[in-house]
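Open the model in your viewer and keep the sequence panel beside it. This tour goes stop by stop, with something to select at each one.

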Amino acid sequence: MQDALRPTPPARCRFLTPCVALTATNALLHGVPPGRLFRVRIEAAEEEVRIEVRDSGPGRPTAQSPHTDSENGRGLLLVGELTDAWGDIEHTVGKTVWFTVKATQAQGRAQ
């Protein structure tokens, strides 16, 4: 993974690991029926890194507003805060959740 991310400055890469972990965990917990797998795809270009997590489960991801004492429900909120963009693509079977981190800091966002 580090070789694929080489064009991206380390300050921007630090957001990728927790976001990959969150989206992969969501795929395992909510999107992968028993006996099936999920796939993580990394595409690094000079201007941004795009991560895609595809699973074969039904439903579409939504950012939630969990109660303050809830242990779950913040994954996509964090992905939304740590990345420059995120979304999902619905497939005939399953879906892909994607996010991007630009090589340079987006205007108005903290680093």
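**Stop 1**

Select Arg 60. At 47% relative accessibility, Arg 60 counts as partly exposed. Bear in mind that this is a predicted model.

Glu 90 and Arg 60 form a salt bridge, with the closest N and O atoms 3.7 Å apart. Where do the two partners sit? Glu 90 lies in strand 3 (residues 85-90) and Arg 60 in the loop between strand 2 and helix 3, so the pair ties together parts that are 30 residues apart in sequence. Glu 90 is exposed, with a relative accessible area of 53%.

**Stop 2: the whole chain**

Zoom out and colour by secondary structure. The protein has three helices and four strands. Along the sequence they follow the pattern α-α-β-β-α-β-β.

Next, colour by accessibility. Of the 111 residues, 33% count as buried. Among contacts between residues at least 6 apart in sequence, 59% join residues at least 24 apart.

**Stop 3**

How many salt bridges does a search of the whole structure find? It finds seven. You have seen the one between Glu 90 and Arg 60.

Select Glu 48 and Lys 102. Their side chains meet in a salt bridge, at 3.6 Å from N to O. Glu 48 lies in strand 2 and Lys 102 in strand 4, so this pair ties together parts that are 54 residues apart in sequence. Is Glu 48 buried or partly exposed? Glu 48 is partly exposed, with a relative accessible area of 25%. Lys 102 also counts as partly exposed, at 35% relative accessibility.

Move on to Arg 50 and Glu 52. Their side chains form a salt bridge at 2.8 Å, N to O. Arg 50 is partly exposed at 22% relative accessibility. Glu 52 counts as buried, at 12%.

Arg 41, Glu 43, Arg 50 and Glu 52 are linked in a network of salt bridges.

**Stop 4: helix 2**

Select residues 16-31, which make up helix 2. Which of its residues are buried? They are Leu 16, Cys 19, Val 20, Thr 23, Ala 24, Ala 27 and Gly 31. Turn the view to look down the axis of helix 2. The buried residues fall within an arc of 125°, so they line one face of the helix. The spacing has a simple background. An α-helix has 3.6 residues a turn, so residues three or four places apart point the same way.

**Stop 5: helix 3**

Select residues 75-82 for helix 3. Its buried residues are Gly 75, Leu 76 and Val 79. Look down the axis of helix 3 as well. Here the buried residues fall within an arc of 90°, so they line one face of the helix. What do they pack against? Show helix 2, strand 3 and strand 4: the buried residues of helix 3 pack against these elements.

**Stop 6: the largest pocket**

Rolling a probe the size of a water molecule over the atoms shows where empty space is left.

The largest pocket holds about 490 Å³ of space. To find its centre, select Asn 26, His 30, Thr 62, Gln 64 and Leu 76, which lie nearest to it among the 25 lining residues.

Which elements supply at least two residues of the lining? Helix 2, strand 2 (48-55), helix 3 and strand 4 (95-102) each do. Helix 2 gives the most, with eight residues. Colour the lining by residue type. It divides into 10 nonpolar, 11 polar and four charged residues.

**Stop 7: Arg 36**

End in the loop between helix 2 and strand 1 (39-44), where Arg 36 is found. Arg 36 is partly exposed, with a relative accessible area of 44%. Show its neighbours. Leaving out residues up to four places away in sequence, Arg 36 touches Ser 56 and Val 93. Then draw a distance from Arg 36 to Gly 57. These residues are 21 apart in sequence and 9.0 Å apart in space, C-alpha to C-alpha.

Notes. Residues numbered from 1 in each chain as written. Predicted model: local features only at pLDDT ≥ 70, side-chain atom pairs only at ≥ 80, totals over all residues. Heavy atoms only, no water. 1 Å grid on protein atoms, 1.4 Å probe; cavity = no way out; pocket = protein on both sides within 12 Å on 5 of 7 lines; lining within 4 Å. Points joined across faces, edges and corners; volume = space filled by probe spheres on them. Nonpolar A, V, L, I, M, F, W, Y, C, P; charged D, E, K, R; others polar. Salt bridge = Lys/Arg side-chain N within 4 Å of Asp/Glu carboxyl O. Buried < 20%, exposed > 50% of the residue type's maximum accessible area, 1.4 Å probe, protein only. Arc of directions from axis to C-beta. Contact = heavy atoms within 4.5 Å.
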